[in-house]
Amino acid sequence: MEIGAITRNMSQERIIFALAVLLFVIASIALPGFLAVDNLVAIVRSVSVLGILAVGMAIVIIGRGIDLSAVAVMAMSVAWYLQMLNDGTPGMTAFLLALGGVLLIGLINGFLIAYADVPAIFATLASGAFVFGYVRSQLIGQDATPVPRGHWIESLGRFRFIDVPVEVFYFAAVAFLAFVFLRFAKWGRYVYLAGDNPIAARNMGIPVRPMIVLRYVLSALIAFSAGILTSASLLSINTRVVNSTLLYDIVLVAVIGGIGLSGGKGGMRNVIVGALLIGIMVNAMTIMDISNIMQNLIKSTILLIAIIVDSLLNPRDEQTAQQGDI
């Protein structure tokens, strides 16, 4: 059974990677400007930020959960941080306050899901809506918050090594560290065990509830770092991204890459190939001047198909269905 599951995941991974390569070749031939340096840099940056967010989402999904607050945490925490800097708050104080807020949201999400038995989809949806509403109405004055001139975030956005943006290196580092954590750390292996069968994991003595809290804290921290990189690239953060389709793109990357929504399956390679395919596809549709509405329709159709395929390859057990988790 386990060998068969691994084979299916590897097959999906190879298929998605082959599709990404094929799409890249077709776009290179058919779309003027696709191979332009600026466009390739834009693809790399979008793939990297999307991939970073998907790493956090993947850790949560592998543990049999989901985090719908990730984009709100990413945008609103960084917007608050930049607002404090623009208001004259000392840099370290502002950073620690924003980081503390991010940790608090991760802890609240984990507590609600692990100890209050609130289904993950509802707990994180509610916390994301609260974070967006509270920060936008009480802590910041506008949708787009700029990076102060001369701040280290501005320098971070200009960093290049062999003309490769910093986002690529950070995505590689986060994915590698997540891979090492999941595959070789004791608590990382617990993520797979708890995601595969939480009752059996609890009977084995694994601290299932603290593990749930840890996963949502990690997801919040990864989202915060993705927001920092986004603001470094754009020299601002726009909170309207919370109401965009970015969250669905993150879930799409995880599912289409091969992360099983039933938990206990997948890894960082699935995130990388999923982000690569979606990044190239979105860029190609943008060059083709396909409207946002049509792009959203195409992506939502792909997401629906991916979820159906995932439900067939990785069927949810009766215990999961009763809990209402995904």
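Where in the chain does Arg-240 lie? In this predicted model, Arg-240 is found in the loop that connects strand E4 (236–238) to helix H11 (246–257). Arg-240 has a relative accessible area of 57% and is therefore exposed, the cut-off for that class being over 50%. Between the C-alpha atoms of Arg-240 and Ala-18 the separation is 34 Å, and the two residues stand 222 residues apart along the chain.

The crossing of the two helices is right-handed. On the H11 side, the contact is formed by Leu-252, Val-253, Ile-256 and Gly-257. H12 contributes Asn-270, Val-271, Val-273, Gly-274, Ala-275, Leu-277 and Ile-278. Classified by residue type, this contact comprises 8 nonpolar and 3 polar residues, with no charged ones.

Confidence in the model was also examined. The chain has a mean pLDDT of 87, with 92% of its residues at 70 or more. Helix H4 (residues 91–114) shows the highest confidence, at a mean of 96, and helix H14 (residues 318–323) the lowest, at 43. The pLDDT is below 50 over residues 1–9, a stretch with 5 contacts in the model beyond near neighbours in sequence. Residues 318–326 likewise have pLDDT below 50, and this stretch makes 19 contacts beyond near neighbours in sequence.

Notes. Residues are numbered from 1 along each chain as its sequence is written. This is a predicted model: local features need pLDDT of at least 70, side-chain atom pairs count only at pLDDT 80 or more; totals for chains, interfaces and linings use all residues. Side-chain values use heavy atoms; hydrogens and water are left out. pLDDT is the predictor's confidence in each residue, from 0 to 100. Helices (H or I, at least four residues) and strands (E, at least two) are DSSP runs, numbered from the N terminus. Contact means heavy atoms within 4.5 Å. Buried means under 20% relative accessible area, exposed over 50%, partly exposed in between (1.4 Å probe, protein chains only). A crossing is left-handed if the near helix is turned anticlockwise from the far one by less than a right angle, and right-handed if clockwise. Ala, Val, Leu, Ile, Met, Phe, Trp, Tyr, Cys and Pro count as nonpolar, Asp, Glu, Lys and Arg as charged, and the others, Gly among them, as polar.
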